[in-house]
Amino acid sequence: MGKSEYMIKAKPFIKWVGGKSQLLEQFENYYPKELRKGTIKNYVEPFLGGGALFFALSQRYKIENAYLSDLNKDLVLTYQIIQERPNDLLEFLEQYQKDYDQTEQEKRNDLFLEVREQFNIQRFEINYKNLSDNWVSRAAQFIFLNKTCFNGLFRLNSKGEFNVPYGKYKKAAKKWK
Ligand SMILES: C[S@@+](CC[C@H](N)C(=O)[O-])C[C@H]1O[C@@H](n2cnc3c(N)ncnc32)[C@H](O)[C@@H]1O
């Protein structure tokens with residue numbers, strides 16, 4: 001690993017409603033003093049979301065064990081794939097990047113809808129309990145949709161289908177790397 005790679009700080013990889021990135025400075029005064037002293041070793045975050053708080057704290061303080069969780073199964077699946085299969089995930093994302101870049105502005109909505117449809121159809125094939133190959137493409141779809149949908153919203157209808165529309169971002173292609 002090159003020196004520059006050591007310097008890169010981990011931060012949220014998705015845009016997430018209610019993310020705490022903008023509030024981190026204000027939170028400073030409210031952290032327990034034991035955290036600064038380094039006597040808190042275990043961190044529990046039941047509402048992980050984009051993980052802004054976790055990434056900030058874990059890189060600054062000596063947290064030894066982190067127990068991270070979220071209600072959103074596809075979000076958790078994506079974290080697990082980033083942890084276990086990062087290179088496979090990158091291959092998928094690079095392909096999406098290419099497809100997106102090569103698609104004319106007016107046709108990107110169609111590309112978005114195609115991925116959204118795959119994401120919805122394939123939900124029945126996912127076993128969230130056991131990491132398997134189809135998790136990698138699902139994580140890539142999840143990130144693609146997050147970066148290209150309206151405001152990074154994650155919303156499911158009553159049938160469990162992701163139904164957020166395309167975000168019409170001119171530069172969306174640059175956002176997932
Ligand atoms: C605003 S985000 C958390 C922000 C995050 N902690 C940060 O540092 O940026 C809230 C998260 O809580 C999750 N959530 C909501 N209700 C939940 C529940 N009952 N159990 C677990 N997670 C839940 C949502 O899926 C969402 O990802």
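Which residues have the most contacts inside the largest nonpolar core? In this predicted model, they are Leu 57, Leu 89 and Phe 144, within a core of 38 residues. Domain 1 (3-68) and domain 2 (73-176) each contribute residues to this core, so it lies between them.

- In soluble globular proteins, nonpolar side chains tend to be buried together.
- Two or more residues of the core come from each of the elements α4 (52-60), α5 (73-84), α6 (86-102), α7 (108-121) and α8 (134-148).
- Helix α8 supplies the largest share of the core, namely eight residues.
- Apart from neighbours within four places in sequence, Leu 57 has contacts with Tyr 31, Leu 35, Tyr 43 and Ile 63.

**The ligand and its surroundings**

- The side chain of Asp 70 places an N or O atom 2.6 Å from an oxygen atom of the ligand.
- Backbone atoms also take part: a polar backbone atom of Leu 53 is 2.9 Å from an oxygen atom of the ligand, and a polar backbone atom of Ala 52 is 3.3 Å from an oxygen atom of the ligand.
- On its own, the ligand has 610 Å² of accessible area, of which the protein covers 71%.

Definitions and conventions: Residues numbered from 1 in each chain as written. Predicted model: local features only at pLDDT ≥ 70, side-chain atom pairs only at ≥ 80, totals over all residues. Heavy atoms only, no water. Core = buried A, V, L, I, M, F, W, Y, C linked by side-chain atoms within 4.5 Å. Buried < 20%, exposed > 50% of the residue type's maximum accessible area, 1.4 Å probe, protein only. Helix = DSSP H or I, 4+ residues; strand = E, 2+ residues; numbered from the N terminus. Domains from an automatic or database assignment. Contact = heavy atoms within 4.5 Å. Polar contact = N/O pair within 3.5 Å; in protein donor to acceptor, adjacent residues only side chain to side chain. Areas by Shrake-Rupley, 256 points an atom, 1.4 Å probe, with all protein chains shown as cover.
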